[in-house]
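Subject: Structure handover

Hello,

Here is the structure for your files. My notes follow below it.

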Amino acid sequence: MGLTAHSTGMGALDQGLQIARRAPGDRVIALAGNPNVGKSTVFNELTGLNQHTGNWPGKTVATAQGTHTYRGSDYILVDLPGTYSLLAHSAEEEVARDFICFGGADGVAVVCDATCLERNLNLVLQTIEITPNVVVCVNLMDEARKKQIDIDLEQLSRNLGVPVVGAAARSGEGLRELMEALSSVTHEGRPTPPDPIRYTAPIEAAIASLQPLLEEKLAGRLSPRWVALKLLDQDDSLTASLRTHLGFDPLADPAVAAALEGARARLAAEGITPEGLRDRVAAAIVLAAEGACADSVTLRRAESRDRDRKIDAVLTNKWTGIPIMLALLAAVFWITITGANYPSQWLSNALFWVQDRLTDLFVYLHAPDWLHGALVLGVYRVLAWVVSVMLPPMAIFFPLFTLLEDFGYLPRVAFNLDHQFKKACACGKQALTMCMGFGCNAAGIVGCRIIDSPRERLIAIITNNFVPCNGRFPTLISIITMFFVGAAGGALSTGLSAAILLGVIVLGVVMTFWISRLLSHTILKGVPSSFTLELPPYRRPQIGKVLVRSVFDRTLFVLGRAVAVAAPAGLLIWLMANIQVGDASVLLHCAHFLDPFAHLLGMDGVILMAFILGFPANEIVVPIIIMAYMATGSLTDMTNLFALKELLVQNGWTWLTAVCTMLFCLMHWPCSTTCLTIGKETKSLKWTAISFAVPTLVGMLVCFTVATAARLLGLA
Amino acid sequence: MNSTQDIARLGALKEGQTARVKDILQEGTMRRRLQDIGIIEGTRIKCLQKSFWGDPVAYLIRGAVIALREEDSDQILVETVGLHRSAEGLKS
């Protein structure tokens, strides 16, 4: 469902793995699965929460938990990050594995993609090796039916030795059956199913030589067969986790250590090196998955996958891919700008009508002037501006973007742009984190966890702010409308606005490439690391649900933030404008103080001050500018963009001011929430400071260059 | 059926060609990751589509579409299966 209030802003931060059982009878269920199989949808449907969903691998980067009551029992569901395996090659895999092993889960539901079942069974088989209390939830059965894939769930269940249920979580299909299966698995326990994966004889012999010893040491806490295999595999991360969670250090135990050494020697004698063992284990799992699917999955028509290939042939085509990407973005902007005009007008008319009534009320009550000034002209008016100017574009852009996300387009963007990221020695998945940044930079920063290499993740974090978030779009849109196309409306002028906005975004993307490249050659030196990028099947977006949920969610979120941030800011501005020090107001003093520096950047003191005050939320920058000008200049009724432009021009705005304000809006410090998130994600003050400084310095440099060049050329 | 089989790098496949994995030269984490997505000896891989700059390239691997960069696909050795263009994808 795209980003939600829950997954953006402060909600983007981690919840950790602390499970609070409210009653001893509560069952803890871990939801595991490959990335992008609808795990979060299953989670949301069952818990009623709004975990971010969307059609691209890696959205769930943090764990989330919620509860579901079924037949009188409470189930605590834990949404684990999507992983392809539990072999702990990455941070997410380690989180998922450790939770399944040590998190106290009573059962694990492994969610699978029915359209790509064999690959998903890898994880299923690995999970069954750890615990018998597994239910396989074959999700996206509706998509599989469309693709003419038949799945014999009963046969699959026989092959795997655990319950298998089919589901289409988006429409709620199969979730009852899933809960029923989980209920029986967690309440009654299960006989240990036959070992799902059989290895070659020497490996089985090595496992057998360790298993009885471990069985005694582990005392039923973990599968001894699985631990034996991991020990043979020299899985250090598991040994560390065993120490932390069970207080059992197998390598420090003389009996285990000796047996392990013997087993390894015997393997070596058979010509199986540690690397060779891993290969054989991996191959055994893949072949077991192939075997489990052989008689349970049938593809009725081989061509049924052709639809996706046909779409890809256009959307990721050498020649049409990038033009279509730009056209789609421009179309989204055009719809946003066109669609936002009218509601903006209605909202401002309505809200300023209310302001007049409020004033009447204050007069009627004989309230003192300062109270009316502070509350109505300060707090209320800035709120009204935030809501009327900022809300409509956000409420339109957001669901549109979410539709593209649900459809599965974002990984294609990453595919189209990857080469540029490689040239910048960065990760192609950075494109996905940038797309997240369109919604909310804080969410984009958290999304950077999908990038495995720490160096590349830092690059993505530092440059994320070059993508303007939802809160900055309306600022750009209103300036473009006022200064470059006129507020006359009409398809042509909104088309032009969209084209200019597209240009600004492209500039942000180009800056991202340059700065990433610069970072790769200076403070974050390195070569691009390997990566695999999955291009998931296209899915029909749930249009109605997306519209309702994201408008509703975003509306509440933005209004909440407006109250929390804009209201005190409005009060502050009013106070600054009305408290006189010497011969001028505090506001004028501050503006005058910032003026010389701001002038170098092509702006003025008020604008720079608005950006500084907008640190908690970029949505309030334009309203603060307007408030500040109105407080110092004549108070006229400002209900549309014409009048607004007049106000700005009266205060010395030229086209250069507009350009520099837009550039600075695109490139300046991240908002406070984003900074906090960066601090939390990097756990380093240094990198937070760098993430703050890089876009700020770049923005200042660009603004200074543009302003100076324009002035020298006599253009402004 | 075509019987001429050549060892090539996966990265050398042309769009539409299918090949069978012979060996993975990558070591360490990337080798594991390739195995996780089902690339082992004998796995069929079809080259679907190159991107604008010719890199990365999208491959069909066990029913999933995975894009790989040149550096990585060059580390996977394959036997080309030449003319088997219509049979791939039946198994997934």
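Two strands pair if DSSP finds at least two bridges between them. Helices (H or I, at least four residues) and strands (E, at least two) are DSSP runs, numbered from the N terminus. This is a predicted model: local features need pLDDT of at least 70, side-chain atom pairs count only at pLDDT 80 or more, and totals for chains, interfaces and linings use all residues. Residues are numbered from 1 along each chain as its sequence is written, while chains are lettered from A and ligands numbered from 1 in the order in which they are written.

Start with strand E4 (residues 107–113) of chain A. Gly33(A) stands opposite Val111(A) in E4(A). The pairing of strand E1 (residues 27–33) of chain A with E4(A) is parallel, over five bridges. E4(A) also pairs in the parallel sense with strand E5 (residues 134–139) of chain A, over six bridges. There, Val110(A) faces Val136(A) as its opposite number. From E4(A) the chain crosses through H3(A) to E5(A).

Seven of the seven residues of E4(A) are buried (20 or more other C-beta atoms, placed from the backbone, within 10 Å of a residue's own), so the strand is largely enclosed by the rest of the structure.

Now the contact between the chains. Chain A gives 32 residues and chain B gives 32 residues, counting C-beta atoms, placed from the backbone, that lie within 7 Å. On the side of chain A that touches chain B, H15(A) gives the most, with five residues. Strand E9 (532–535) of chain A is joined by four bridges to strand E5 (residues 64–68) of chain B, and the two run antiparallel. Glu534(A) has Ile66(B) as its bridge partner.

Best wishes

Key:
Contact = placed C-beta atoms within 7 Å. Buried ≥ 20, exposed ≤ 12 C-beta atoms within 10 Å, placed from the backbone. Right-handed = clockwise from strand over helix to strand, strands pointing away.
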